Amino acid sequence: MVLNDAEFGEVIVRKNPLSKSVRFSVSPSGRLQMSVPKHTSDFLVKRFLNSNRSLIRQQIPLHDPKTQRARDAKKKLLMKKAKEYLPYRLEYYAKLYNYHYDRCRLSHAATRWGSCSSSGTISLNIGLMQVPEILRDYVILHELAHLNHMDHSAAFWAEVASHDPRYKEHRAKLKHFSPGL
Ligand SMILES: [Zn+2]
């Protein structure tokens, strides 16, 4: 669960069956992270957070909350843009090239631009809204091709090439961007 706090920005709350008390730490992304016993209510989580503010300020080396808040705002905006664009772009290419996927999911994983599950769910990273359209389209065509080939075999790349003949160039260019925010 993620809590939006006015002071600390996004706070990651992990309900842990093994923990008996509340612990504060820093997540890999520099956010505040709380580990709480499994059945702690949201109300209690907020109360713990509020009663430990000064301790957190002094002892937890968070990224500058202002930077964190700016990043959270950027993520929210990207998500909004992505929602209005990516599912429709995916649908457009699926119709054009006769692919059938199950659903489109928007992600914000730090390392992957997209993925395709064997059940036909295509995930697209909201960070795609920050790369040139031609590279965005390459990712979409790449994931659609995975519906027919769940690997990166020669047959898979031949299918990608049939819809994006310059895919090698697009793939190389995409490496200059990072999906993380
Ligand atoms: Zn792939």
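Two strands count as paired here if DSSP finds at least two bridges between them. With that rule, this predicted model shows an open sheet of 3 strands. Their order is S5-S7-S6, and the pairing is mixed.

Start at the edges. These positions belong to strand S5 (103-107) and strand S6 (114-116). Each has a single partner strand, so one side of each is left without a neighbour in the sheet. Neighbouring strands are turned by 15 degrees against each other on average, direction ignored.

Now take the pair S6 and S7. Strand S7 covers residues 121-125 and runs antiparallel to S6. The two are joined by 3 bridges. Serine 115 stands opposite serine 123 in S7.

Helices pack on this sheet. Helix H3 (residues 65-96) touches S5 and S7. The direction of H3 makes about 150 degrees with that of S5. Helix H4 also packs on the sheet, where H4 touches S6 and S7. The direction of H4 makes about 15 degrees with that of S6.

H4 leads on to another helix. H4 (residues 133-145) packs with helix H5 (residues 154-163) at an angle of about 135 degrees, and their axes lie 9 Å apart. That angle makes H4 oblique to H5. The crossing of H4 and H5 is right-handed.

Which residues in H4 and H5 meet? H4 brings Leu141, His142 and Ala145. H5 brings Phe156, Glu159, Val160 and His163. The residues of this contact divide into 4 nonpolar, 2 polar and 1 charged.

Key:
Residues are numbered from 1 along each chain as its sequence is written. This is a predicted model: local features need pLDDT of at least 70, side-chain atom pairs count only at pLDDT 80 or more; totals for chains, interfaces and linings use all residues. Axes are lines fitted to C-alpha atoms, for helices over the stretch in contact, and angles run from 0 to 180 degrees between N-to-C directions. Helices (H or I, at least four residues) and strands (E, at least two) are DSSP runs, numbered from the N terminus. Angles under 35 degrees count as roughly parallel, over 145 as roughly antiparallel, 65 to 115 as roughly perpendicular and the rest as oblique. A crossing is left-handed if the near helix is turned anticlockwise from the far one by less than a right angle, and right-handed if clockwise. Two residues are in contact if their C-beta atoms, placed from the backbone, lie within 7 Å. Ala, Val, Leu, Ile, Met, Phe, Trp, Tyr, Cys and Pro count as nonpolar, Asp, Glu, Lys and Arg as charged, and the others, Gly among them, as polar.
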